[in-house]
Amino acid sequence: MFDYEELQDALIEGDEDELLDQVEDLLEQGASPVEIIGEGMMGGMSVVGDRFAANEMFVPEVLMCANAMNLAVDRLKPLMEGEKIATKGKVVIGTVKGDLHDIGKNLVAMFLEASGFEVVDLGVDTTPEKFVAEAKAGAQIIGMSALLTTSMVVMGQVMDLLVEEGLRDSVYVIIGGAPVSPEYADEIKADGFSKDAAGAAKLCTKLLA
Ligand code: B1M
């Protein structure tokens with residue numbers, strides 16, 4: 001068990017240099033990238049979320065934390081990439097229209113790549129049309145992320161557009177993000193939901209098995 005307190009403090013402060021130093025220290029001590037993200041940084045981000053909700057932190061500070069976390073994840077990403085012998089399939093991923101949160105989506109993309117999938121990352125604020133165009137271009141799975149209760153509804157719009165375009169039977173759809181639930185996945189007739197990034201990679205592997 002590693003001590004993540006200083007790492008979490010650096011993340012909560014949005015101190016990029018200190019966070020990267022802490023990441024290097026933990027790697028030297030033998031912590032794995034998955035542990036550093038899952039047990040270390042996620043805990044720090046959860047404190048940020050609580051303080052944001054309580055109006056103790058505001059958007060510019062939270063943005064600094066998010067940028068620092070994305071940088072640290074970029075540092076860890078190459079260490080997670082296994083040998084890519086053959087691709088398991090192509091997944092298109094994006095945060096839905098109206099939503100700019102990308103940390104969770106980036107983690108899902110990273111776990112998918114590390115598990116051997118080809119990933120097309122459409123970024124944030126992704127329209128239904130863009131997801132559907134990638135399905136037409138041969139993606140086997142669409143992965144959608146939403147962090148806002150107001151943007152979740154776009155997931156349903158993507159499902160409707162897939163049906164309209166006659167593509168629903170040729171692509172799997174998985175969804176995730178803090179306000180999303182298995183019940184919501186059932187409601188919009190998605191093929192799966194995962195509460196975290198590692199689970200999303202397992203789910204995609206299962207769907208294409
Ligand atoms: Co925003 N924000 N934010 N924010 N923000 C939340 C989501 C909020 C819950 C904060 C709060 O009030 N407690 C709240 C949403 C309330 C709601 O709708 N229910 C909120 C709000 C209100 C807003 C604004 C409206 C604030 C404002 O402007 N007044 C605004 C909206 C902007 C927009 O998107 N249009 C806004 C802005 C921002 C920042 C830009 C400052 C920044 C985002 C920066 C960035 O992403 N680059 C930000 C942040 C950082 C957060 C919190 C604090 C942290 C989110 C995060 O990155 N978590 C967040 C509070 C919280 O979530 N507790 C909050 C860490 C990340 C690893 O977890 O994304 O959940 P998460 O991903 C997880 C799982 O959900 C899952 O896997 C990941 C873990 O392994 N997962 C998937 C995610 N996607 C998946 C897809 C899958 C499968 C699993 O399959 C495809």
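Predicted model: local features only at pLDDT ≥ 70, side-chain atom pairs only at ≥ 80, totals over all residues.
Residues are numbered from 1 along each chain as its sequence is written, and side-chain values use heavy atoms, without hydrogens or water. Local features need pLDDT of at least 70, and side-chain atom pairs count only at pLDDT 80 or more, while totals for chains, interfaces and linings use all residues.

Select the cobalt atom of the ligand, then His 101. Its NE2 atom, at 2.2 Å, is the only protein donor of the cobalt (donors are N, O and S atoms within 2.8 Å of the metal, or 3.2 Å for Na, K and Ca; water is not among the atoms, so sites may look incomplete). His 101 is in the loop between β1 (90-95) and α5 (103-114) (helices, H or I, of at least four residues and strands, E, of at least two are DSSP runs, numbered from the N terminus).

Stay on His 101: an N or O atom of its side chain is 2.8 Å from a nitrogen atom of the ligand. Next select Asp 102, where a polar side-chain atom lies 2.7 Å from a ligand nitrogen. In the side chain of Ser 145, an N or O atom is 2.8 Å from a nitrogen atom of the ligand.

Now show the shell around the ligand. Elements giving two or more residues to it include α4 (59-80), β3 (141-145) and α9 (197-208).

Definitions and conventions
Polar contact = N/O pair within 3.5 Å; in protein donor to acceptor, adjacent residues only side chain to side chain.
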